[in-house]
Structures are given as C-alpha cells and as structure tokens.
Amino acid sequence: MSGFSHERIDERPPCSKLGFCLTADLTGNGREDVIVGGAGEGFPGKGIVWEAERRGVPTAAFRSAVGIGESNLFWYENPGFERHEISFTPDLDVGGAVGDVTGSGDPNVVAGQGIDNTELYWFEPGADPREPWERHLVTDRFEKYHDVTVADVDDDGEPEVVGLSQVSETVFYYDIPVEPRQGPWGEEHLHIVDRGRELEGVAVVDIDGDGRTELVAGPNVYHREPDAETGWRRETIVDGWDNTRVAVADVDDDGDLEVVLSEGDSPHLGTHPGRVAWFDPPDWEQTVIADGLFCPHSLEVEDFTGDGRPDIYVAEMGLGKHSDPRHFVFYNRGGEFERETVATGIETHEAKVVDLTGSGRPDLVGKSYGPDHHVDVWFNRS
C-alpha cells in the first residue's frame with residue numbers, strides 16, 4: 001500500500017534547528033493545521049535579541065537588523081499552508097504539545113527550551129490565531145525540556161502539564177492554577193514523579209487497565225503509589241534502549257495495551273543503530289520489528305489500512321550524515337508486522353500522522369531537524 005506524494009510546504013522556515021511538529025485545528029474549519037517550533041540557532045546576534053526579549057524590549061527592529069526571522073514558533077493554515085507567526089521565543093527544544101490550558105476549549109501550545117535554558121511556556125491565541133499569540137511562563141526551574149504533554153495524569157478530572165527535563169533529569173507535572181496567566185506557576189502546583197533519569201518519550205494512559213492512569217516516560221511506566229518516595233512507583237519496561245520515542249496501542253489484538261519504542265537518536269547519540277519494537281505486558285516481552293535504522297525519531301501508531309488494527313509509522317532523520325532517509329509503515333497483520341518503505345530521500349523529525357485533506361486517509365507531516373530546514377507533507381493518495 002504505497003501511494004504517498006510529497007509536497008514541501010516551506011522551503012525556508014523562519015528559524016533553524018526545528019524541534020517539534022504538532023497539529024491542531026486552529027481556525028475551526030475542520031482541518032488540522034501544522035505547528036512548528038525551533039531553536040533558532042545559527043542567526044547572528046541571536047543572543048542580543050533574546051536578551052532584549054527577556055527584558056520586554058521590542059525586538060522587531062533588532063531582528064530585522066541582524067537577519068533573524070520574525071518567529072521561531074509558527075503555524076501553517078490548512079488548506080494552502082500559509083505561514084503565520086505565533087511567537088519569537090528562541091531555543092525551543094523538541095518538547096512541544098497542544099492542550100487546553102485555560103479550559104476554554106481552544107488549543108494552546110506548551111513548549112520548553114533546550115540545553116542551557118530553563119524556561120517552559122504556554123502560548124495563548126487571541127480571537128484570531130493568525131495574529132501573534134500571548135506567551136506565559138510555566139516554570140524556569142528545570143533545564144532542557146525534551147518532551148511535554150497536557151493530560152490528566154492524576155485522575156482528578158483536570159489536565160496537568162507533564163514534562164521530562166533531560167539535563168535536570170526530572171520527570172514532573174504541574175497542576176494548572178486557577179490563574180494560569182500569572183507565571184511562573186507556584187511550587188504548590190509542582191509534583192515530582194522521578195529524579196536522576198534522562199528520558200525521552202512520554203504518554204499518559206491507563207496502560208494496565210486498572211482504571212488508574214499511568215505515566216509512560218521513556219522505557220518506564222510510573223504507577224501512582226502513596227507509599228513510594230514521590231508517590232509514584234517506577235516499573236522498567238526494558239534496559240539498554242537509547243533515547244526512546246514512545247507510542248501505546250493494542251498491537252496484538254488481545255484487548256490489552258502494548259508499548260511501542262523506537263530509538264530516536266541512535267546511532268547519532270546512541271551505542272548502536274536504531275531499533276523499533278513492541279513490548280507486551282505484564283512481563284514486557286520484546287518483539288523487535290526493525291533494526292539497523294538511522295535515528296528513527298518519528299514514531300506514530302495509526303490504522304493505515306482501515307482494518308481496525310493499529311499500524312506503526314517510523315521515519316529516519318538525516319543530520320547531514322544519512323543521505324537516503326526512509327519512511328516506513330509496518331502493517332499490522334494480527335501482531336505480526338509487514339514492513340513497507342513508503343517514502344525515501346527526505347529526512348524528517350517528529351513527524352505526525354494526521355488526515356490533512358478530510359479524505360479519511362492518514363497523511364504524514366513533518367520537518368527536518370538540521371542541518372537543512374524545511375517543512376514537508378506526504379499526502380496519502382492510496
């Protein structure tokens with residue numbers, strides 16, 4: 001089942017080192033729009049402009065003078081993919097999520113900064129999302145937010161902001177205050193789940209079917225347990241896996257959820273070429289479905305065939321080292337997987353599977369990480 005056609009929707013995004021790709025219907029037209037954020041590295045004078053931004057000094061003239069684009073957090077309106085500015089907030093990392101922070105029903109973006117930076121923000125659109133959004137500080141307590149999500153992790157009926165800080169080696173979440181626009185959010189809203197672990201990949205789900213929500217962070221499941229030091233007990237899924245991306249689905253049709261992992265930064269930052277596998281609880285039996293990959297940092301689970309079974313999408317990065325990055329769909333044949341290469345030659349990072357056209361078929365959208373910078377769509381023509 002191949003049949004994806006490629007379209008580059010932005011040849012020259014306004015910043016470099018693109019960290020995350022998200023989708024949400026921002027205009028209410030029933031179509032998913034595309035949201036991208038990045039570090040903005042490589043611009044001369046970036047540090048001066050960012051310091052002015054921190055101090056509340058208008059930066060438009062500075063940015064123009066030193067050649068910095070108007071934004072490093074922006075979105076593309078579907079259809080047509082016209083680009084709109086959200087914010088100039090440099091050094092955003094991979095960690096980005098869409099969620100409702102205000103309780104208004106409108107999508108907000110939560111995104112944190114990368115290495116040597118400590119700020120985690122949420123961004124609020126106005127009446128017209130095509131106008132620049134308001135930026136609000138969640139916290140500046142941790143360093144390098146690689147993954148964030150907005151979900152009800154403690155079953156109190158309200159969403160929380162969940163984060164993985166790699167440099168601070170902390171898994172945490174914040175209750176959303178009654179007045180979330182007044183930041184940073186106070187310590188009374190902060191909950192530490194675990195310390196001393198540098199993790200990637202996050203999911204909030206009742207993984208074991210006991211009616212209580214768990215937190216999957218990297219190759220670990222955290223269960224709420226009052227007697228544990230932090231109130232959370234860690235269960236290891238697997239050891240020896242590098243920098244994992246995480247997805248959760250019932251892949252073997254047994255009525256229980258399994259965890260899918262890909263080694264998103266291997267071998268670039270890891271010890272071996274990247275692997276993809278699914279893990280079956282309660283003993284977390286491992287089934288490897290691919291190895292020998294180059295940084296499979298895109299991992300999504302979706303039914304591509306319409307047979308009701310979740311298939312697995314994986315795509316490779318380029319990083320200037322891998323000349324022929326590949327996109328794979330692993331078709332689910334009842335717990336066994338059949339691999340098909342659905343696209344080649346264009347690197348991507350943190351790609352998402354989403355129906356962009358309203359056809360009912362899943363399309364692909366992603367962006368490069370570096371050294372090249374572009375945003376791409378693969379339309380499903382099958």
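The legends below describe close-up views of a predicted model.

Residues are numbered from 1 along each chain as its sequence is written, and side-chain values use heavy atoms, with hydrogens and water left out. Because the model is predicted, local features need pLDDT of at least 70 and side-chain atom pairs count only at pLDDT 80 or more, whereas totals for chains, interfaces and linings use all residues.

View 1. The structure holds 0 disulfides, a disulfide being a pair of cysteine sulfur atoms within 2.5 Å. Cys-15 is in no disulfide, and the nearest cysteine sulfur, that of Cys-21, is 13 Å away. For Cys-295 the closest cysteine sulfur also belongs to Cys-21, at 18 Å, which is too far for a bond. Cys-15 counts as buried, at 3% relative accessibility, and Cys-295 counts as buried at 1% (buried means under 20% relative accessible area, exposed over 50%, and partly exposed in between, with a 1.4 Å probe and protein chains only).

View 2. The strands follow the order 18-19-20-21, and their pairing is antiparallel; strands (E, at least two residues) are DSSP runs, numbered from the N terminus, and two of them pair if DSSP finds at least two bridges between them. Strand 18 (244-249) and strand 21 (285-293) are the edge strands, each pairing on one side only. From one strand to the next the twist averages 15°, where axes are lines fitted to C-alpha atoms and angles run from 0 to 180 degrees between N-to-C directions. Strand 19 (residues 258-263) and strand 20 (residues 274-280) are joined by 4 bridges, and Val-260 stands opposite Trp-278 in strand 20.

**View 3. Positive phi at Lys-17 and Trp-284.** Although Lys-17 is not a glycine, its phi is positive, at about 50°; this residue lies in the loop between strand 1 (4-10) and strand 2 (18-24), and Lys-17 counts as partly exposed at 25% relative accessibility. Trp-284, also a residue other than glycine, has a positive phi near 55° and lies in the loop between strand 20 and strand 21. Trp-284 is buried, with a relative accessible area of 8%.
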